[in-house]
Amino acid sequence: MTLNCIIIDDEPLAGQLLKSYVQKTPFLHLIGTYNSAVAAIKDIKENKIDLVFLDIQMPELSGIEFATLLPKTCKIVFTTAFSQYAIEGYKVNALDYLLKPISYEDFLKAANKALDYFSTSGCPCITPDRFIYIKSEYKLVQIRLDDILYIEGVKDYIKIFVEHQKPVMSLINMKTLEEALPKPEFMRIHRSFIVHMTKVMMIDRLRVVFGDKYLPVSESYKEEVQKYLDQHTVV
């Protein structure tokens with residue numbers, strides 16, 4: 001399981017330290033780092049965020065105030081230099097409360113607490129049956145996850161390219177499908193493409209190759225894709 005997370009801290013050094021901690025924690029996927037809660041609002045609306053590492057004393061909107069605006073599915077780990085906010089932190093259902101300076105040991109304990117929470121709370125990852133049903137042409141079509149090559153978003157619908165059969169088309173949106181598929185087995189590489197990484201036999205200059213089709217990796221997803229490739233490359 002991979003948790004999408006963001007970091008909000010108006011201290012650049014603190015933000016960079018937390019970013020380095022996230023990058024060496026295998027089950028965390030960093031969506032972004034922000035110097036204010038206001039700056040993070042747009043990306044929170046556009047992405048599925050599981051976990052927020054959130055400072056408390058910030059300009060414009062404090063971490064406590066911001067926490068009350070987050071969806072219930074988004075959990076919080078407060079990161080602050082001030083212990084007096086602990087009670088307020090737990091009132092907004094924070095998973096943990098880390099006091100600066102934060103060690104990686106304490107960070108990892110908090111991250112594991114989040115992982116345990118999502119592992120037992122019915123997060124929309126598809127295990128053990130390994131198939132999904134997709135609405136297509138007024139029918140429910142069963143698609144085995146192991147047969148999916150990649151998914152392409154085309155305007156208002158998606159095309160699921162499956163081994164040994166025609167693509168399945170559906171009006172479901174990319175974000176909904178992305179949230180339901182297990183990560184990092186299925187990885188978003190572009191606004192228009194989700195790829196089944198275990199089916200990728202060739203990467204050509206950071207383009208994913210399926211037969212005669214080359215799927216581009218966009219700048220927004222380049223870092224995460226490269227991280228995945230580095231973890232699976234022997235040189």
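Trainee: How do you know that β13 and β14 pair, and in which sense?

Mentor: Keep in mind that this is a predicted model. Two strands pair if at least two bridges are found between them. β13 and β14 (residues 207-210) have two bridges, in the antiparallel sense, so they count as a pair. In that stretch, Met202 stands opposite Val209 of β14.

Trainee: What makes β13 and β15 edge strands?

Mentor: The open sheet has three strands, in the order β13-β14-β15, with antiparallel pairing. β13 (202-203) and β15 (213-216) each pair on one side only, and that makes them the edges.

Trainee: Why is Leu206 called buried?

Mentor: Buried means under 20% relative accessible area. Leu206 comes in at 18%, so it counts as buried. You'll find Leu206 in the loop between β13 and β14. Its phi is near 60°, a positive value in a residue other than glycine.

Trainee: Which residue does a cis peptide bond join to Pro101?

Mentor: That's Lys100, and omega there is about -5°. Pro101 lies in the loop between β5 (96-99) and α5 (104-119).

Trainee: What is omega for the cis bond from Lys183 to Pro184?

Mentor: Omega is near 0° for that bond. Look for Pro184 in the loop between α6 (174-180) and β11 (186-190).

How values were computed. Residues are numbered from 1 along each chain as its sequence is written. This is a predicted model: local features need pLDDT of at least 70, side-chain atom pairs count only at pLDDT 80 or more; totals for chains, interfaces and linings use all residues. Side-chain values use heavy atoms; hydrogens and water are left out. Helices (H or I, at least four residues) and strands (E, at least two) are DSSP runs, numbered from the N terminus. Buried means under 20% relative accessible area, exposed over 50%, partly exposed in between (1.4 Å probe, protein chains only).
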